[in-house]
Amino acid sequence: MTLLADGELCQVPDGAGGKGQYLGSGEWAVFGAVEPPRRTRGRLLMHSTVMFGREFCYAVEAAFVTPVLLSVGLPRSLYSLVWLLSPTLGFVLQPVIGSSSDHCTSPWGRRRPYILALGAMMLVGLALFLNGDAMVSAIVTERSRRSTWAIVVVMCGVVLFDFAADFIDGPVKAYLFDVCSHQDKERGLHYHALLTGLGGACGYLVGAMDWGHSALGVLLGSEYQVIFFFSALTWGLFLSLHLFSIPETALGQAAAPGPPDTLLLLGNQSSGYGAVPKEPLPEPELRARSFSALGEANSVTSSAKQPNKEVQKRMTLKSLVLVMINMPGHYRSLCVCHLLGWTAFLCNMLFFTDFMGQIVYKGNPYAEHNSTAYSTYERGVEVGCWGLCINAVSSALYSYVQRLLLPYIGLKGLYFVGYFVFGLGTSLIGLFPNIMATLTLCSVFGVMSSTLYTIPFNLISEYHKEEQAQRKMSGEEEGGRGTGVDCAALTCMVQLAQIVVGAGLGALVNMVGSVIVVVLSASTVSLFGCLFIALFIRHVD
């Protein structure tokens, strides 16, 4: 049901009890929620700018977190543990916070208070992460204590930023779903995806430039302060645009149906006010395949438009775990494969700039900051940012290639190709670590990124469509598993992969004595994922 513009007419389906009738938009009040009005392109772009800012800051973190931690003196055996804390908190708190935003009664709306709070936490975390060493140096004079406090402050900043940046995506998407009609949701999600890619590319470009010797670097003190300046400015501007993009109605103040005299009885055979027709309404056609992973999330909101549904219960960690344990085998296999893919991808992405600095450029992050070895390492980090920028661009381009390949190899084939190309490319980077080959092969990172963000969610959508068709053929009532629950299970695999990487990779690097094991581990896990896809992922037509 769509809310029409003033003066427009809408037709009641014939299945509602008689000939189709036209009602004025002011009279259209029947059971269930009425969709919000259509939004302009400018409003949707304003709403999507938060994704540009978030991904810009994410790119800065991914590029500099390991070099910053090593530069303040964090031991090599411990530097991956920083990735363990935030996903552990997220895995426990994500269902609770998501449910809390559903029931928020703030006059500013349900989602925007959470977005503002998490946005402020991101800014504080970014400040501590990039400026922690300088702040501690200005306050603590004793050298031994300075190193310890710098490690603590920087680690707190990384954990705080990572926690907030991971969590803010949920309220942002829910905000879009709450204030937009069905058509605008798809348009908005398209703009989200577009600005996410642009934000990541711009963030990596800023990190790839040598700001230390620029006039701005001299003015602000160091390269990290310049990067923080651009990141804070970008995030603050785009977060503000997002928060004031589309008005949000507070919970409990939603537009209610009009007074009784404006309600119309639909059809001539109704036995009373609001009688439900005996003949079922026509089933909507199944949606065509979409390569927007977020576009499939639109189906999650469909239950909110059903007038006879009960109020959703609050999701808890316990209920989420029970759902994951009791899910059908092909869903569980998809979750395991998603876990393998994200483990391989994070192994490579979180430590790639450090790999470039230490292995490709042969620099030393533990050397004195005014030494040639440390300058060489910083140069490697900057070139690594260019590689990650190539990854962001190739991810956007490969999404169009996927559309061309889909009719020939299907979703399972695309899933296999993404894992195989990434595994082969990272193995070549580990075996032949020279500058040009590494930068060229960075394009395979984008293939894996695009695969992880689209294919698993499209497979879930196809599985649900198959189940709905089977229930319809057997005459069973509609129901069963919800798409949102299975999407939440996939999302938790990302956090679980981050926990695995944080818990094990640092010890592995310490045991081997070289960060080259990071790239080779990513390749091994990805190729194992190829085998898992071939054996356990169910094919869909």
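Which residues of the largest nonpolar core touch the most other members? In this predicted model, they are Phe64, Phe129, Tyr415 and Leu459, out of 133 residues in that core.

**Nonpolar core**
- Helix H4, residues 143-179, supplies the largest share of this core, with 18 residues.
- Beyond its neighbours within four places in sequence, Phe64 is in contact with Phe129, which is also among the residues that touch the most other core members.

**Helix H15**
- Helix H15 covers residues 516-536; at 1.5 Å a residue, its 21 residues should span 30 Å, and this agrees with the 30 Å between its end C-alpha atoms.
- Its buried residues are Val517, Val518, Val519, Ser521, Ala522, Ser523, Ser526, Gly529, Cys530, Phe532 and Ile533.
- Leu520 also lies in H15, but this residue counts as partly exposed because its relative accessibility is 32%, between the limits of 20% for buried and 50% for exposed.

**Nonpolar surface patch**
- Leu520 belongs to a nonpolar patch on the surface, together with Phe416, Phe420, Leu424, Leu428, Leu431, Phe432 and Leu527.
- The accessible area of these residues together is about 690 Å².
- Two or more patch residues come from each of helix H11 (372-431) and helix H15.
- Helix H11 gives the most to the patch, with five residues.

Notes. Residues numbered from 1 in each chain as written. Predicted model: local features only at pLDDT ≥ 70, side-chain atom pairs only at ≥ 80, totals over all residues. Heavy atoms only, no water. Helix = DSSP H or I, 4+ residues; strand = E, 2+ residues; numbered from the N terminus. Expected span 1.5 Å × (residues − 1). Buried < 20%, exposed > 50% of the residue type's maximum accessible area, 1.4 Å probe, protein only. Patch = residues over 30% accessible without salt bridge, like charges linked within 9 Å, V, L, I, M, F, W, Y side chains within 5 Å. Areas by Shrake-Rupley, 256 points an atom, 1.4 Å probe, with all protein chains shown as cover. Salt bridge = Lys/Arg side-chain N within 4 Å of Asp/Glu carboxyl O. Core = buried A, V, L, I, M, F, W, Y, C linked by side-chain atoms within 4.5 Å. Contact = heavy atoms within 4.5 Å.
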